[in-house]
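Here is a short briefing to read alongside the model. Take a look at the structure, then follow the topics below.

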Amino acid sequence: MAETLFDLPAQHERNLFGQFDSHLKLIEQELSVSIVPRNGHVKLIGSDAGIGQAKKLLAMLLVLSEKGNTITEQNIRYALSLLREERERAMIEIDREIILHTMSGRPIKPKTVGQKEYIDSIESNMITFGIGPAGTGKTYLAMAMAIRAFRAEEVSRIILTRPAIEAGEKLGFLPGDLQSKIDPYLRPLYDALYDIMGAEAFLKNSEKGLIEVAPLAYMRGRTLDNAFIILDEAQNTTPSQMKMFLTRIGFGSKVVVTGDRTQKDLPRDEKSGLDVACRVLRKISDIGMCELTSRDVVRHPLVQKIVEAYEKYEERETARQVKRGPRASGVVRKGGNGR
C-alpha cells in the first residue's frame, strides 16, 4: 500500500466532498483507494495506479470547482469514465464554453463530449439532427443556442414546434378549446424559454411575433426566412410531415431537429419521419447528425441507469426476434401446393 498527499484548498472541500462525503465514497469505491481528509489536503491510500488516478480525478474536479461549478455525482461519474479512457483533459475543455446565462445567472454550457459536439454542429451547420435518449439536453441546449443567436441578431425570430401527437389519450376527450388541448404538448418548450430568458421577455417577444411556439401542422404552407427553428420530439413525425417541415426552410435560417428513437408514439405500422430523414439526408453537406447516448445524460444518475437498462432490454428483444425468425411476426410459410 502506498500513501500520498493531495493539496486541496479548504474553500473547495465541501464542493468536492459532497453531502456527507458522498463524492469521496464514490471515488473510493470506483478507484479502490482510501481518501482521508486533512486540513488543506487529503491523504490518498492505495495502490500506485489507484492513487495516480485519484490524483488526476481530484485535480480535474478542483479545476471545475475553481471555475464556480457545483460538483455533482454526474460530474464524478463522467469524469471517471473520461479518466479510464485517458481523456481527462476533455472535461476541462468542455467547461470552457458558456452559451449564455439564465435569468438567475446560472451558466448554460455543454457538460459532456457529446453535448460539445452537438453545440459545435449547431454552430457550423444549417441543419442539425440531435438524436438521443431523455436527459441528454437536446432541446434545452438547442433552445439556448436559439436565444443566443436571437440576442446577437443573427436571426430575427425563433420558431419552436413539435408534433401534437396523442400519447395514449385522445385530444377530443381533453377539456377546453383547440389551443388549450395543444398547449400541454408544447409545455416543455415554454418551460425552457421561461427558465432561460424569463417569462416577461418571452411574453414581450411573443406578442411581437418574434418568438413563436406552435404545433408542427401550423408550419404547412409557410417559408421560414432568417429564423432559428427547432423541431422537438421529431420521432413522432411521419415521413411526409418531416419532408414538409424541412422544405419550409428559407434563407438565413438555422434548424435543429431533436428526437429520441426509443420513445415513438406513432401507430405501430407507421414509419418515423426522423428515422427516414436520418437515412436519406446523412450524406448531404451542411447537415449535421449528432448521436447522443446514455453517457450524455445530465439529469439524475438514476435516469442514466434507466436509459441503459432499457437499451440492454431492447437489444435482447431484438436479438430474440431475429433468432426466432419469420414465425415471430406470425408469418407461416405454406407448401408449394398452397395448403
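The second largest pocket holds about 450 Å³ of space. A pocket here is an open set of points on a 1 Å grid over the protein atoms alone, where a 1.4 Å probe fits, with protein on both sides within 12 Å along at least five of seven lines; lining residues have an atom within 4 Å of a point. The volume is the space filled by probe spheres set on the points, which are joined across faces, edges and corners. This is a predicted model, in which local features need pLDDT of at least 70 and side-chain atom pairs count only at pLDDT 80 or more, while totals for chains, interfaces and linings use all residues. Residues are numbered from 1 along each chain as its sequence is written, and side-chain values use heavy atoms, with hydrogens and water left out.

**Second largest pocket**
- Its lining has 21 residues, and Asn 69, Thr 70, Thr 72, Asn 75 and Lys 111 lie nearest the centre.
- Helix H4 (73–84) and helix H5 (88–95) each give at least two residues to this lining; helices (H or I, at least four residues) and strands (E, at least two) are DSSP runs numbered from the N terminus.
- By class, seven lining residues are nonpolar, seven polar and seven charged, with Ala, Val, Leu, Ile, Met, Phe, Trp, Tyr, Cys and Pro as nonpolar, Asp, Glu, Lys and Arg as charged, and the others, Gly among them, as polar.

**Helix H5 and its partner**
- The axes of helix H3 (residues 48–66) and H5 come within 10 Å and cross at roughly 5°; axes are lines fitted to C-alpha atoms, for helices over the stretch in contact, and angles run from 0 to 180 degrees between N-to-C directions.
- H3 is therefore roughly parallel to H5, a label for angles under 35 degrees.
- Lys 56, Met 60, Val 63 and Leu 64 of H3 meet Glu 88, Met 91, Ile 92 and Asp 95 of H5, where contact means heavy atoms within 4.5 Å.

**Largest pocket**
- The largest pocket has about 670 Å³ of space.
- Among its 29 lining residues, Gly 137, Lys 138, Thr 139, Tyr 140 and Arg 299 are the closest to the centre.
- Helix H7 gives the largest share of this lining, four residues.
- The lining comprises nine nonpolar, nine polar and eleven charged residues.

**Sheet**
- Six strands make an open, parallel sheet in the order E8-E7-E9-E10-E6-E11; two strands pair if DSSP finds at least two bridges between them.
- Strands E8 (211–215) and E11 (287–291) are the edges, each pairing on one side only.

Conventions
Angles under 35 degrees count as roughly parallel, over 145 as roughly antiparallel, 65 to 115 as roughly perpendicular and the rest as oblique.
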